[in-house]
Amino acid sequence: MGRFALEGVKVLDFSWVGVAPITTKYLADNGAEVIRIESAARLDVLRLAPPWKDARPDPNGSQFFASYNTSKKGITLDLSKPRARELVKKLVPWADIVAESFTPKAMRKWELDYDHLRQINPQLIMLSTCMQGQTGPNAMYPGFGQLMAALSGFYYISGYDQDSPCPPYGAYSDFIAPRFSATALLAALDYRRRTGKGQYIDMSQYEAALHNLAPALIDYFATGRVIGARGNASERYAPHGAYRCADEDGNERWVAIAVVDDAGWSSLLTVLHGDGSDSRFQTRQSRIANANAVDEFVTTLTRTRDAKELTDQLQAAGVAAYPVQNCMDLHQDENLEAFDFWHWLDHQAMGPSPYEGLQHRLSRTPGALRCAAPVLGQNNDEVFSGMLGLSATEVEQLKKENVIF
């Protein structure tokens, strides 16, 4: 294995939940030494979220948390206590990057904001990522990605009609914003390499999310049209959606199909043995204009077909198609297997568990999931005794006082 791209970069990670932990995971999986600071006094909510090992709720048994915190070390400090903040300040000279994702008041109240920390380490790079940035009328609003996806407009355009929004899976903006924050950190590292100067990054998750709705925003400015929920309907393709196939072992199976042009439509009919004589289906534009009727027609033809076999036949005929996969399918997917996507890591509490692999491959510095996520305080002794030089007696006393907690 080659060198890691971010080998030698050191990160103090105060973040929690999704956006910032995913951001620092990118850094950690590519070689950065990341120390995650948590507290048992106020657990990261993902430690309280399933799936848990053996379905038993346990802050050290959440695969949800573990997935976002690979390759990191973990310590525990109750930052409401002055002694805990003193220990943090002793770690700041070691760090190249500090990352946090609280509402703006938290780090300021603790005097751990950028203005204070750069007095300790002038070359420090700091990332603050909260819902709507550090300033502005809504800066103090707390929340999670579900709320941000609603505020950003994703929930307005998802679903099948305006009366019953059907949001995209999960805290959607949480999966978007880390791409921006990680890239900003890399740019800041490059800037510091060239100038010797650190800088502060105020990353609003609201603004990051809006970039992914650019087509809808541009359409409004150009035409005045407000795009609403249309399910899987497309302005360019018909059929375009997921179509139910024959059930398998009592479970629904579906296949996603997108037809671009008349040739694709003809190929689809051949595979499905369908009669395309309906006048509404004769041209691409007429199919788009009658998309609901097209969907009903296609469903009558796919309903008895095996999803996997049908997919193979459609792809062989040049029609864009793929089965709608569930979690079990993904763990058995031959393409993911060929790319060695799933990695098994030995977690201290959960034992060997599967993790999602890297989403990119750097040929010279490939990166790796170097270790499983830490259990609460897993590296306390290593950091407080090893890095800060506290005696075993001091560490025990700080634990009794719930400073190391």
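Tutor: Start with R230 and E235, which form a salt bridge with their closest N and O atoms 3.8 Å apart.

Student: Why is the pair R230 and E235 called a salt bridge?

Tutor: A salt bridge is a side-chain nitrogen of Lys or Arg within 4 Å of a carboxyl oxygen of Asp or Glu. The closest N and O atoms of R230 and E235 are 3.8 Å apart, so the pair meets that limit. Salt bridges that share partners also join D219, R225, R230 and E235 into one network.

Student: What makes R230 partly exposed?

Tutor: Buried means under 20% relative accessible area, exposed means over 50%, and partly exposed is in between (1.4 Å probe, protein chains only). R230 has 40% relative accessibility, so it counts as partly exposed. E235, at 46%, counts as partly exposed too.

Student: Where do these numbers come from?

Tutor: This is a predicted model, in which local features need pLDDT of at least 70 and side-chain atom pairs count only at pLDDT 80 or more, while totals for chains, interfaces and linings use all residues. Residues are numbered from 1 along each chain as its sequence is written, and side-chain values use heavy atoms, with hydrogens and water left out.

Student: How do you know that D190 and R194 form a salt bridge?

Tutor: Their closest N and O atoms are 3.0 Å apart, so the pair is within the salt-bridge cut-off. D190 and R194 are four residues apart in helix α8 (residues 177–195), and therefore about one helical turn separates them. A helix here is a DSSP run of H or I with at least four residues, a strand is a run of E with at least two, and both are numbered from the N terminus.

Student: How many salt bridges does the structure hold?

Tutor: The structure holds 25 salt bridges.

Student: How many helices and strands does the chain have, and what share of residues is buried?

Tutor: The chain has 18 helices and eleven strands. Buried residues make up 45% of its 405 residues.
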